[in-house]
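Please keep the sequence and the picture at hand while you go through the points.

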Amino acid sequence: KHVDGRQYRLNLFDGELVSARERFLPSITGDGRGTIRALIEAANAERDARGAPRLTDGERMGRFLARQGLDLDSVPAAGREIGLGAEGNLLMGGRSRRLPIESVPRMLVDRLAGAARCCGLRWVGVDLIVDDLFSPGAHERGYINELNSAPAPAEFRPERTLDEYLDPATRVLRAYFDLP
């Protein structure tokens, strides 16, 4: 069943929230001149320079473009955002932004921790779809899309500073080794 809403990844270790990110679908923005194929190539050159996962132009993307009446040779209008996939997965070219974990409702974290415990998972990445993660009733309206038993390190890729990388990694190591 398709569920509308915003996509999030919440990483928990032993029931404690370690990091929270909003995920965005892979996309490119038209310039009125280049084909979707050329725009993907340009985006991949920029991604390669940053060490970020590449946008892939496989069958899934082709089907996703076809549903929009497009293909790799289409030339989108300047400023038009073109979705390239239905998942905000970073390894498939999605993007994400870090969210303040202290703002995530405790009741939601407890609910997600319960789902992880139910599956016997200490370290888990919970993919969640909900209209507003920070609303008080998010735990009642959200849908768990997936529990990842081995969240990818790409979730912790530094965006601006080393501290943004070290903070969640330090939290996991402290919890794992029971350090203060």
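Does Arg21 count as buried or exposed at its relative accessibility? In this predicted model, Arg21 counts as buried because its relative accessibility is 6%, and buried means under 20%. The points below begin with the whole chain and then return to this arginine and to several other residues.

**The chain as a whole**
- The secondary structure of the chain comes to five helices and seven strands, and from the N terminus on these elements follow the order β-β-β-α-α-β-β-α-β-α-β-α.
- The chain has 180 residues, of which 41% count as buried.
- If we take the contacts between residues at least 6 apart in sequence, 70% of them join residues that are at least 24 apart.
- The accessible surface of the chain comes to about 10,300 Å², and 52% of this surface belongs to carbon and sulfur atoms.

**Arg21 and its partner**
- Arg21 is found in strand S2, which covers residues 16-24.
- The side chain of Arg21 is joined to the side chain of Ser96 by a polar contact of 2.7 Å.

**Glu102 in its loop**
- Glu102 sits in the loop that lies between strand S5 (95-98) and helix H3 (106-118).
- Glu102 has a relative accessible area of 66% and is therefore exposed, since the word exposed is kept for values over 50%.
- Although Glu102 and Ser19 are 83 residues apart in sequence, their C-alpha atoms are 9.7 Å apart in space.

**The cysteines**
- The count of disulfides comes to zero, where a disulfide would need a pair of cysteine sulfur atoms within 2.5 Å.
- Cys118 is in no disulfide, and the nearest cysteine sulfur to its own, that of Cys119, is 5.8 Å away.
- Cys119 is likewise in no disulfide, its nearest cysteine sulfur being that of Cys118 at 5.8 Å.
- Cys118 counts as exposed because its relative accessibility is 71%, and exposed means over 50%.

**A nonpolar patch on the surface**
- Leu173, Phe177 and Leu179 make a nonpolar surface patch of about 320 Å².
- Of these residues, Phe177 lies in the segment after helix H5 (162-176).
- With a relative accessible area of 52%, Phe177 is exposed, because this value is over the 50% cut-off.

How values were computed: Residues numbered from 1 in each chain as written. Predicted model: local features only at pLDDT ≥ 70, side-chain atom pairs only at ≥ 80, totals over all residues. Heavy atoms only, no water. Helix = DSSP H or I, 4+ residues; strand = E, 2+ residues; numbered from the N terminus. Buried < 20%, exposed > 50% of the residue type's maximum accessible area, 1.4 Å probe, protein only. Contact = heavy atoms within 4.5 Å. Areas by Shrake-Rupley, 256 points an atom, 1.4 Å probe, with all protein chains shown as cover. Patch = residues over 30% accessible without salt bridge, like charges linked within 9 Å, V, L, I, M, F, W, Y side chains within 5 Å. Salt bridge = Lys/Arg side-chain N within 4 Å of Asp/Glu carboxyl O. Polar contact = N/O pair within 3.5 Å; in protein donor to acceptor, adjacent residues only side chain to side chain.
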